[in-house]
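Hello,

Here is the structure I promised to pass on to you. Please have it open while you read, and my notes follow below.

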Amino acid sequence: MWLSGKIGGPGIVVEIDERKFGKRKYNRKKTVVGRWVFGGVERGTNNCFFAVVEIWTREGLLSVIEEHFLPGTTVMSDCWSSYQCLSDEGFVHLTVNHSMHFVDPNTGAHPESIEGTWSAIKRGLNGTNHVKGQFDSYMAAYMWKRKNSTAESRMEFLLDMIKEAYPPSSKDKRK
């Protein structure tokens, strides 16, 4: 499937973070009604993933990471306590304490690419023409647009989908 596939791998850095998407009712209360999204951005490529998550537990986080990351990935994050288990699971885990630094002075770790990505996603979600219950679709559309940012990659994707839907018969195959 076009959104499947894992990101990362040995020697590849993936920045992770979580964000809540939603609105304050009448801009009054501090609580935000919305959905939590966990995401990762692979440095140096357009590969990314975003998953809407309901419950934040260590097991839930690890299942999402194992579904989307290749073993041996170097993961950069903030110091949120739920991420502390990543080193035990075979990932190289680098952190930065944002209350002290933007970039960790010892390791150079900084998850700033994912932070900028949240802004891009939110800009794409601005407006009032949203269908209730389709938040996952909006996240999938963002991932597809990011991965297929050129006309060539979009055409290649289209042709692959046509081949998948209408596989050529043996006499039609070209070398």
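A quick definition before the details: two strands count as paired if DSSP finds at least two bridges between them. Please also keep in mind that this is a predicted model.

With that in hand, threonine 74 sits opposite valine 92 of β5. The strands involved are β4, residues 74-78, and β5, which pair in the parallel sense over five bridges.

Stepping back, these two belong to an open sheet of five strands, in the order β3-β2-β1-β4-β5 and with mixed pairing. Its edges are formed by β3 (48-53) and β5 (92-96), each of which pairs on one side only. From one strand to the next, the twist averages 25 degrees.

As a reminder, strands of a sheet pair through backbone hydrogen bonds, either parallel or antiparallel. Both kinds turn up around β1. On one side, β1 runs parallel to β4, joined to that strand by three bridges, and valine 14 stands opposite valine 75 in β4. Strands β1 and β2, in contrast, run antiparallel and are joined by 10 bridges; here glycine 22 has glycine 34 in β2 as its bridge partner.

Now for the helices. Which strands does helix α1 lie across? Helix α1 (residues 58-68) lies across β2 (33-42) and β3, and runs at about 150 degrees to β3. Helix α3 (residues 135-147) lies across β1 (13-23), β2 and β3, with an angle of about 175 degrees to β3.

Notes:
Residues numbered from 1 in each chain as written. Predicted model: local features only at pLDDT ≥ 70, side-chain atom pairs only at ≥ 80, totals over all residues. Heavy atoms only, no water. Helix = DSSP H or I, 4+ residues; strand = E, 2+ residues; numbered from the N terminus. Axes fitted to C-alpha atoms, helices over the stretch in contact; angles between N-to-C directions. Contact = heavy atoms within 4.5 Å.
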